[in-house]
Amino acid sequence: MTFTLEEVRTRTYKARDAWWTVFLVDPLAGRLVVGTANRTSITPNQITWGAFVLGLGSAGCFLMADWSWLVAGAVPYHLSFVLDCVDGKIARLKGTGTVLGGWLDYVFDRLRVFSCALALAWGQYQATGQELYPVLAAVIVFLDMLRYVDALQVAKVRRQMRRTLRRAIVESGTGSPALSVVPADGLPAAEDTFPEDTGSDEIRIRTAEASDFQREFRTRFTWYMRVRDWLRDHRVRTHLVSGIEFQMAVFVVGPLTGQIVPVTVGAAALLLVFEAAIMYKLWLSSRDFARALATLAP
């Protein structure tokens, strides 16, 4: 079977993704997927290993500290992330994804960040003698883990709210919801879609209102929906500085510009701002969730 670029885009691109991925990775990754899937028998796990090795090569370059070596490290780091996207796309395209592959992808991502942060900081410390760099390495690793752990926990809480709401709807006797539950990011996930309700219009309206976890946030920030819609039209998620953008700022932008400290500090500050925004949205969603349960109470 021969895959086209359009098929790759349709079947493997995420509905929304990090802006770095959308604009700076997918245009290259999609074409690499077409060539790799059509002309080779390379497996996603092999590509994962290749991305990891390339990331270790970046760490080796960062350790040399000189600006030319920093550039030599930044370029393969970006390419390692491109490959990191290619493996998942091929797995989705061919249906060859495995549990082991997902585990390898996650572990290698964390090891790549750890090794590159350590090498970058140690190289700069050796070159300048500034004790700030070892501290910076610890901050980079901590924030990378914070982002991924936080993402997992937030997703867990959202799933729990949706499951609880499902049970409450069934127990209230209103039947199956007519609309999908709206999670905290404002877009329904595929697993949240319910069968069409066969009940009355009143039941459907009641259910739709109960399923909206974004009501208070939209009321307080009316401008947000316009921004979100524009980003969604361009396949960009509203979490503009996530783990991906943070990594790219630290290991690509900082080394390329020779401004490692200010770029890292700025990216860290923005990451924390967006994490705080997610927590705030989740708190507001919990209030809407409580009101939704109250509307379903007999």
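Rings of Phe, Tyr and Trp (its six-membered ring) count as a pair if their centres lie within 6.5 Å, with planes under 30 degrees apart called stacked, over 60 edge-to-face and the rest tilted. On that basis, Trp-49, Phe-52 and Phe-108 come together as one aromatic cluster. The model is a predicted one, so local features are reported at pLDDT of at least 70 and side-chain atom pairs at pLDDT 80 or more, while totals for chains, interfaces and linings use all residues. Residues are numbered from 1 along each chain as its sequence is written, and side-chain values use heavy atoms, with hydrogens and water left out.

A search of the whole structure turns up ten aromatic pairs. Trp-49 and Phe-52 make an edge-to-face pair, because their ring centres are 6.4 Å apart and their planes meet at 75°. Both residues belong to helix H4 (residues 44–63), where they sit three residues apart, or about one turn of the helix. Helices here are DSSP runs of H or I with at least four residues, strands are runs of E with at least two, and both are numbered from the N terminus. For exposure, buried means under 20% relative accessible area, exposed means over 50%, and partly exposed is in between (1.4 Å probe, protein chains only). Trp-49 is partly exposed at 46%, whereas Phe-52, at 13%, counts as buried.

Another pair, Tyr-77 with Phe-251, is tilted, at 4.8 Å centre to centre and 40° between the planes. This one links distant parts of the chain: Tyr-77 is in helix H5 (residues 67–94) and Phe-251 in helix H11 (residues 243–257), 174 residues apart. Tyr-77 and Phe-251 are both buried. A charge sits over a ring if NZ of Lys or CZ of Arg is within 6 Å of the ring centre and within 35 degrees of the ring normal. The charged end of Arg-110 is likewise placed over the ring of Tyr-106, 5.3 Å from its centre.

On the cysteine side, the structure has zero disulfides, a disulfide being a pair of cysteine sulfur atoms within 2.5 Å. For Cys-116, the nearest cysteine sulfur is that of Cys-61, 9.4 Å away. Cys-116 is buried, with a relative accessible area of 0%. Cys-85 is buried too, at 14%.

Two loop residues other than glycine have a positive phi. Ala-65 has phi near 75° and lies in the loop between H4 and H5. Its relative accessible area is 14%, so Ala-65 is buried. Arg-235 has phi near 65° and is placed in the loop between helix H10 (222–233) and H11. Arg-235 is buried as well, with a relative accessible area of 17%.

Leu-32 is found in helix H3 and is partly exposed at 35% relative accessibility.
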